[in-house]
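Keep the structure open beside you as you read.

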2 protein chains.
Amino acid sequence: MSNLLEGIDDPDDLKTLNLAQLPVLAEEIREAIIGFCTAHGGHLGSNLGAVELTIALHYVFRSPKDRIVFDVSHQCYTHKILTGRARAFLDPDRYGTVSGFTCRAESPHDHFDLGHTGTSISLAAGMATVRDLSHEHHHVIAVIGDGSLSSGTALEGLNCAAKVEGQLIIVCNDNEMAIDENVGGLYGNLAELRNSQGHSPHNIFRDLGLDYRYVESGNDAATMVRMFESVKDLDHPVVIHVHTRKGLGIERHRVPGLREGHDRNNHWCDPTPRDDSSSGASPTGHNARWTYGSMAMESLLTRFREDPSLVVISPATAGSNGILPDFINSAGSHYIDVGIAEEHAISLACGIARGGGSPIVATSATFFQRAYDQIQQEMSLNASAVTLLVFAAGISDSDVTHSGAFDIPLLGNIPDLTCLAPTGGGQMLDMLAWSSGPARRPVLIRMPGERVLAYERANGNVFSEQESVRRWRASGTSVESSSSSHPWSRYRVVHEGSGTALIGLGNAYPLALDVARILREGTASNPRTGRSQVPDLSDPTVIDPQQYSTLDTSTLDWLRSRHRLVVTLEDSQLNGGWGQRISAYYARSAMRVMSVGAGMAFTDRVALGELTHRYGMEEEAVVTELRRLATL
Amino acid sequence: MSNLLEGIDDPDDLKTLNLAQLPVLAEEIREAIIGFCTAHGGHLGSNLGAVELTIALHYVFRSPKDRIVFDVSHQCYTHKILTGRARAFLDPDRYGTVSGFTCRAESPHDHFDLGHTGTSISLAAGMATVRDLSHEHHHVIAVIGDGSLSSGTALEGLNCAAKVEGQLIIVCNDNEMAIDENVGGLYGNLAELRNSQGHSPHNIFRDLGLDYRYVESGNDAATMVRMFESVKDLDHPVVIHVHTRKGLGIERHRVPGLREGHDRNNHWCDPTPRDDSSSGASPTGHNARWTYGSMAMESLLTRFREDPSLVVISPATAGSNGILPDFINSAGSHYIDVGIAEEHAISLACGIARGGGSPIVATSATFFQRAYDQIQQEMSLNASAVTLLVFAAGISDSDVTHSGAFDIPLLGNIPDLTCLAPTGGGQMLDMLAWSSGPARRPVLIRMPGERVLAYERANGNVFSEQESVRRWRASGTSVESSSSSHPWSRYRVVHEGSGTALIGLGNAYPLALDVARILREGTASNPRTGRSQVPDLSDPTVIDPQQYSTLDTSTLDWLRSRHRLVVTLEDSQLNGGWGQRISAYYARSAMRVMSVGAGMAFTDRVALGELTHRYGMEEEAVVTELRRLATL
């Protein structure tokens, strides 16, 4: 077999091939992507569908002088392979040396780091605008699709793109799929356009003032080359609607368990099947996000019969949050996937709540950012009885665009929003039963992460989600019958000590326990650091605050009587966060406060161990700093 | 003349009228709205256009059992008048007793407090969804239009509305105008639909899977009644596209200086012409927002000739921010109004910046909330050289949906975003020249507010915007020639005292000066509070921190040597804000910190004097608390 890929270090090398060689190259790239994704994990289906159109883009245009902006980057692997980064997909030793998303630091061919959907049209419109203002001459292309088109920011961009007065190409990769199934009226119009080979008079792109071309054979490289050649010098914006097959090649290459086309499992491929993240795994093989998410859904299932207005809303990526096909099938009309449309998800939920229903919106911390305004205005200001389940919150080894380290500063400072931080699955289920039942107020539940899962596992508290929910029900700790008061507004004092108090919020609660244990053991076992020298550390008080929307001032005031130092621990950014509020509460007094948490920085694929080290969030680092402070 | 309005305390009273009486009623309502707006101030043009369609809604439907959701509420005055609140528009003594927006506290006919655009479709879809799940029977109607349709959140809602399986009416009030002129491709399609009397096959609503009806005579009440009667029992969502005339009646009633239809000045009518707010006025009759905004625009005008890539972007409401017709005409392609599309505005700016341009995005603090994710991801994380001009920041006497009290917690905690807080017009111009010139980084400038304007006025520093810019240029303090370093990263120590340090951020800087003056005078003139008793207060250090994105730790460390108490002052929410960061910085030491700022609460039309009193932000309250702390 030929090996064309070996000879391509740059798009210029690609241009030396003839059209007949492009399918061969496409096959090599497809093989590389499948090998990479099955061994290392990655966005499989979306990338496989976009191989030929990306080859054609680099064949026709001259990147990086011509700017190609890949929306959300679920489709950028071929682009990376053709722009000098092929070895990262071919050589197992180099897997992981490139980001899964476009990345400015990697290549001058990547103009942005993009991991949230839908902004490519606006970004490209800006690049075209400044090009024309500056009288420069190059082409600008946005590549969008794979479900991104339904996000409000993409629709705003599409609506404004016609204002660009010069060249602009918007490639809409229509693979008939979003991350989950396509949702919303727009995708109906795309289907009508596909069925009419682009000829239907009903054409949302034309309605928005844009020129339009349709390509049925989007996985034929030569066709795509001819199309791009024919539109490259248009003097106005044009949409190229390209019909491709998501996951093309999966079946020929016999990827286990996956199918081409309409298979929601082919979007993301992980080396450990059914596990969405490489970090952490429960006894049943799942990470915290999956484990607690499916536990939450399991607890809701039986309530659907009694409560017709209990509704789970997911703005895409349901599977990663433990919202699985079995649940979706059983839930019926109690489950709504709105596609990638976080803003709509929140307002829809607020409408349901105002009508007396109990909506629950589930997505990851990083994606709730999109709906800040709706969470603040339609939900909190309007006292809408919506529950947010915030997944993947806290510091993370993710790429730079998906970190969960910013959620407490962002959402924890919204008035009238009750923010709960459970430190175990049972408590999380209690909170969900309350928030979606008697609470009738805006509530956020910050779903527990890996450290809580590991702690529960070490204590024998994690079972299958069914068994966990059964035991929770049997325990009778349900708060469904409680009044409308807030059952977790008071901090839970786990151990009453003296001198120093450790307050560990949510995922940082196990850290507080570990620090306390070391301090107690260290005091007993090491005479040099014993009671006589640092009395304040020998018997620390340990507190699980359970929530971060209000301060439990009576507990904080009580601490003054027997403590000189308070330690706050959280796994989110300190600036604007929860610990700084406690600092401020004590700031006029003699109480000293040490806040442990994340720095103010974007981090890109930094291992969790390195991050906790960097931020002083390891138990030994906390203990060392405590000993220093206590002996001052 | 008849007085039908007197007899209408409830929509049921309206139903006793016959169709022929509705135009008479409409005329009475129109007169009331004009009288109210010209005397009290209010959204004039948008409300005048929607009189008849609102009468027809209440004539046909049974509110509040049937739910009518008014988007952003620029069109809700007739609704308020017909639902028991007419006297608030008729009786000058009762002007101001109702909110300018829908308000749950006022009436069971108001289902939400809405002041940000575009969420009505999603909210109504939620209400329809829960109605159908619960097998209830009533109608749900969303009323949108007046430029709101181009916001991403409205487009998401429109895209998902077809998923509602039961009755849902979306009234699209097409008055041919946004707040400024309609922008974007969608409005072109609306024009085509108007021109074809709704018959064009190019129909974005139908493309999104929605049923559709067109009404040309949207200001004819009987026509609107017949239309609503004909669609009220449809079992699926339908869009009623209604052509109305914005500001209808303005000319007949001879409102000075205003015209009907395409007049951007008729959107909002103020009792003091050309002034956008009732609070504060400069010597030239303008408030701080207008004064500093037009000063900023004036400073940019002459630079457009040299720099073709300098671009001002406004997501609507330009006029309120001093972006005036003269500027817009002179700026030409250097000015882009994207309509109500904050997310697109930010990404467009990021694209311009990546292409080498210098974009400036101007809107109010409350509207930047819509684009948090783009400000965090596309702008800050991607190091895009965009300048944000944040207007109307800080506590405010606005309605509950437009407060500027949340911007520092929201935007001040984003990594890599330089946040500047000028304490005068000249400094603001320096900062803008730097950020849009040599800085090449993400920068936010928090535009000065009324307290800074009053302080400058008292010191003779405020002139016409042209004169202010001329004097600024002549002063030679421009930092355009500086390197890429950050000229304001160090705090400016205005007075070196001892004992207590007052750090006043931006709009709170004049408060710091006032407190310092009282302390110095109080010490000298009053022996009981003199030097011997509270030495720490006799000669406070005064600092203008100039920025709030980083701490100037060398200045903060220097303060330790001669001070026991640090006072931080800001005019935004304390929780998650800037002062709490300073508290946290000193929390491990003996330094005491007192932070002055706003509480964590939504406030609705609370007078500024009452707010400053409530939050202890008056100089005397700060002094009293300082004296208490200093003698502890």
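In this predicted model, the side chains of B:D373 and A:R370 meet in a salt bridge, with 2.8 Å from N to O. A salt bridge here is a side-chain nitrogen of Lys or Arg within 4 Å of a carboxyl oxygen of Asp or Glu. Across the interface of chain B and chain A, the rule finds 4 salt bridges.

**Who touches whom**
- Helix 14 of chain B (residues 342-354) gives the largest share of the side that touches chain A, with 9 residues; helices are DSSP runs (H or I) of at least four residues, numbered from the N terminus.
- Chain B puts 101 residues into the contact, and chain A puts in 101 residues, where contact means heavy atoms within 4.5 Å.

**Buried area**
- About 8,600 Å² is buried between chain B and chain A, and carbon and sulfur atoms give 57% of that.
- Buried area is the accessible area (1.4 Å probe) that two parts lose on being put together, summed over both.
- On the chain B side, B:E156, B:R588 and B:F602 lose the most area to chain A, together 10% of what that side buries.

**How the copies are related**

**Ground rules**
- Residues are numbered from 1 along each chain as its sequence is written, and chains are lettered from A in the order in which they are written.
- Local features need pLDDT of at least 70, side-chain atom pairs count only at pLDDT 80 or more, and totals for chains, interfaces and linings use all residues, while side-chain values use heavy atoms, leaving out hydrogens and water.

Definitions and conventions: Helices (H or I, at least four residues) and strands (E, at least two) are DSSP runs, numbered from the N terminus.
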